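This briefing goes through a helix pairing, several individual residues and a pair of aromatic rings. Please keep the structure in view while reading.

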Amino acid sequence: MTATTAVPETRTRDLRDHYGFSDLTRMEWIKLRTLRSTAWGFGILAVSTIGFAVLVNSLLSAHWGHMSAADRASFDPTNQGFTGLIIGQLVMAVLGVLTVTSEFSSGLVRATFAAAPRRPLVLAAKVAVFGGAALLAGEVLAFISFFAGELVLGHGVPHVTLATPGVARAVLMAGGYVALTGLFGLGLGAIIRRTAGGIAVAAGLIFVIPFLTLPLPDSVRNDVAKFLPEQIAASSITAVTPEPHSLSPGLGFAMLCLYAVVLLGAGAYTLAKRDV
């Protein structure tokens with residue numbers, strides 16, 4: 001009896017050890033495209049980014065004749081066209097959280113870890129699949145938003161093209177920012193494992209912390225705010241001419257990448273150390 005039961009256990013162990021990264025990415029792709037939140041999240045992202053690009057640039061174009069000389073001089077149609085990222089960044093962070101926490105809430109994570117005991121590798125597969133989908137969607141929508149925003153600018157309002165210095169970089173980084181905020185959420189989901197908690201922390205990092213800096217003296221607030229994700233996106237990476245008291249576009253984007261690496265690293269550590 002002992003000999004006959006040991007064989008299937010050994011075979012099961014061997015099968016589990018043979019789940020490689022490519023197998024896990026295929027599994028994660030199936031999970032991602034079957035989640036209802038995926039379609040809703042990317043749909044809201046598309047509506048917010050493109051819709052706000054059209055709306056904001058249309059309003060600015062309509063009021064161009066009444067704008068002051070200073071406002072006209074500082075007008076950045078590329079940056080204004082990415083106003084929809086205010087909503088889009090939260091949408092992607094929430095979607096990243098749900099990509100992990102939905103598996104914990106449904107109990108499916110037990111089957112996943114039983115089939116693939118190397119938990120950091122499972123998270124790496126999630127990062128590859130979700131991050132790749134978010135980057136593709138972010139870049140496509142960034143370019144569509146840019147062209148849509150330029151299309152609605154009226155006669156006499158400054159227009160730019162991708163050949164204008166700084167514009168192509170801003171558009172590319174806007175799409176990358178979409179993917180990075182999704183990875184922020186993915187890391188938080190792996191750390192917290194609860195949907196409500198993950199979303200609350202994501203919203204706090206993006207929206208609440210910047211408001212907490214408002215009572216601070218200007219010098220202190222400027223020094224702190226320039227390292228916050230939303231501020232980096234608004235004043236640096238999506239701006240053709242970075243605003244005062246902000247990081248350079250390259251340094252700002254590198255800082256966002258570092259945030260994602262830290263959160264994902266912490267998520268991989270907690271997955272490996274804590275029970276399901």
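In helix α3, the residues Ser 37, Thr 38, Gly 41, Phe 42, Ile 44, Leu 45, Ser 48, Thr 49 and Phe 52 meet Leu 85, Ile 87, Gly 88, Val 91, Met 92, Leu 95 and Leu 98 of helix α6, where contact means heavy atoms within 4.5 Å. By class, this contact of α3 with α6 has 10 nonpolar, six polar and no charged residues, with Ala, Val, Leu, Ile, Met, Phe, Trp, Tyr, Cys and Pro counted as nonpolar, Asp, Glu, Lys and Arg as charged, and the others, Gly among them, as polar.

The model is predicted, and local features need pLDDT of at least 70, side-chain atom pairs count only at pLDDT 80 or more, and totals for chains, interfaces and linings use all residues. Residues are numbered from 1 along each chain as its sequence is written, and side-chain values use heavy atoms, with hydrogens and water left out.

**Helix geometry**

- Two packed helices are described by the angle between their axes and the distance between the axes.
- The axes of α3 (residues 36-62) and α6 (residues 85-106) come within 8 Å and cross at roughly 170°; such axes are lines fitted to C-alpha atoms, for helices over the stretch in contact, and the angles run from 0 to 180 degrees between N-to-C directions.
- Helices α3 and α6 are therefore roughly antiparallel to each other, a description applied to angles over 145 degrees, while those under 35 count as roughly parallel, 65 to 115 as roughly perpendicular and the rest as oblique.
- The helices themselves are DSSP runs (H or I, at least four residues), numbered from the N terminus, as are strands (E, at least two).

**Residues within helices**

- Lys 31, which lies in helix α2 (residues 21-34), is buried with a relative accessible area of 16%; buried means under 20% relative accessible area, exposed over 50%, and partly exposed in between (1.4 Å probe, protein chains only).
- The side chains of Lys 31 and Thr 112 are joined by a polar contact of 3.0 Å, that is, a pair of N or O atoms within 3.5 Å, of which, within protein, one must be able to donate a hydrogen and the other to accept it, and residues adjacent in sequence count only if both atoms are side-chain atoms.
- Leaving aside neighbours within four places in sequence, Lys 31 is in contact with Glu 103, Leu 108, Thr 112 and Lys 126.
- Gly 189 belongs to helix α9 (residues 167-192) and counts as buried at 0% relative accessibility; apart from neighbours within four places in sequence, Gly 189 is in contact with Val 97, Val 100 and Thr 101.
- Glu 230 is part of helix α12 (residues 229-237) and, not counting residues up to four places away in sequence, touches Gln 89, Tyr 177 and Ile 206.

**Positive phi in loops**

- Arg 193, in the loop between α9 and α10 (195-212), has a phi near 70°, a positive value in a residue other than glycine, and counts as buried at 4% relative accessibility.
- His 245, in the loop between α12 and α13 (249-273), has a positive phi of about 60° although it is not a glycine, and counts as exposed at 55% relative accessibility.

**Aromatic pairs**

- The count comes to two aromatic pairs, under a rule by which rings of Phe, Tyr and Trp (its six-membered ring) pair if their centres lie within 6.5 Å, with planes under 30 degrees apart counted as stacked, over 60 as edge-to-face and the rest as tilted.
- The rings of Phe 146 and Phe 147 have their centres 5.3 Å apart and their planes at 65°, so this pair is edge-to-face.
- Phe 146 counts as buried at 6% relative accessibility, whereas Phe 147 counts as partly exposed at 46%.
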